[in-house]
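Hi,

Here is the structure I promised you. Have a look at it first, then read my notes below.

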Amino acid sequence: METIRLVQLIHPQQGRRVALVNEPHLMLLDKKFNSAYFLVLAAFEKELSFGDLVRSAVTDEALDYGAIYHGETLWKLLSPLDHPTNPYACLVSGTGLTHRSSALNRQSMHIKEPEGLTDSMKIYRWGLEGGKPETGQVGTQPEWFYKGSGAILRAHGQSLRIPSYADDGGEEAEIAGLYIIDRQGTPIRVGFCNGNEFSDHVMEKKNYLYLAPSKLRQCAIGPELAVGIPFSTLAGRVKIRRNGDEIWQHDIMSGEHYMAHSLANLEHHHFKYDAHRIPGQVHVHFFGADAFSFGNQLYLEHGDSCEVSWEQLGRPLINPVHHDLGEEELVRVTPIVL
């Protein structure tokens, strides 16, 4: 099966560009396609093969991918898909309890009795029983959570912030699905990318009803958008470094073979809501974690580095952790004056 890997770039003088990954180079696309968003919509509106459109748009301008990846040039990597003019037209969300390891971690956080099953484990088991329905059928509804708008997305190399009001911040190495809603309200699956969903596990551990606010954190995707990758079996690795030394790593597996739900079932239960099919919207959806360092009692510190790498999804996604110091500041609301 043919696959294509793209990145989005920005330059202080040249602005935004899209480039085709051709290791060790990035081949810039025609300037008229200055975002992956418009490139995808152009292919659908003109009823063109996406691969043919990309190949016809590739120029002979080659950039050194390594220098850009390591932050050594004025070119900077962006998230591989975003809404280029309105970050608030991008919805970032996720599906939890899709992998056995994450369900067991959640179970250990909240279990009261050694032989008891938490609500989290019950939902995971419901997925095992009904999350992969026959083609054309609706399966079991998964856990779903909201993370924020496109304003929370961070690219490769950018810091992931632990705010002063947070109890913690921890990596969650996942695969993210990237989507655009076309003018008729139909979801288009553009492709997949490396993702670090990043959330507050200490807050969540206090009470599972704190799951919703524990997810309202920055997250990172990229650096590459992989188009045409099968979502059956994907192997990867997650690493944590501190002061340059690797202090934790774990092999990870994902894709339908390792999940309680089929991709079609997860997509149905996300896009069945009318509010999730607004023409022009971008959606970034995380499909769940197989392992995370918090499960091994590791707490991330300021300056730590998180690395997420999935085979077939291009170069690793690396992000440093920035921990805000100081006390939480009260946010005051100004009432209207009559």
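Strand S11 gives the largest share of the lining of the second largest pocket, five residues. Strands here are DSSP runs of E with at least two residues, helices are runs of H or I with at least four, and both are numbered from the N terminus. A pocket is an open set of points on a 1 Å grid over the protein atoms alone, where a 1.4 Å probe fits, with protein on both sides within 12 Å along at least five of seven lines; lining residues have an atom within 4 Å of a point.

Before you go on: this is a predicted model, where local features need pLDDT of at least 70, side-chain atom pairs count only at pLDDT 80 or more, and totals for chains, interfaces and linings use all residues. Residues are numbered from 1 along each chain as its sequence is written, and side-chain values use heavy atoms, with hydrogens and water left out.

Back to that pocket. Its volume (the space filled by probe spheres set on the points, which are joined across faces, edges and corners) is about 250 Å³. Among its 15 lining residues, Phe-50, Arg-189, Val-190, Val-227 and Gly-228 lie nearest the centre. Helix H1 (36-45), strand S11 (187-196) and strand S13 (225-227) each give two or more residues to this lining.

The largest pocket comes to about 410 Å³. It has 22 lining residues, with Leu-77, Leu-78, Ser-79, Ala-155 and Gln-158 closest to its centre. Helix H3 (65-69), strand S5 (76-77) and strand S8 (153-154) each give two or more residues there.

Cheers
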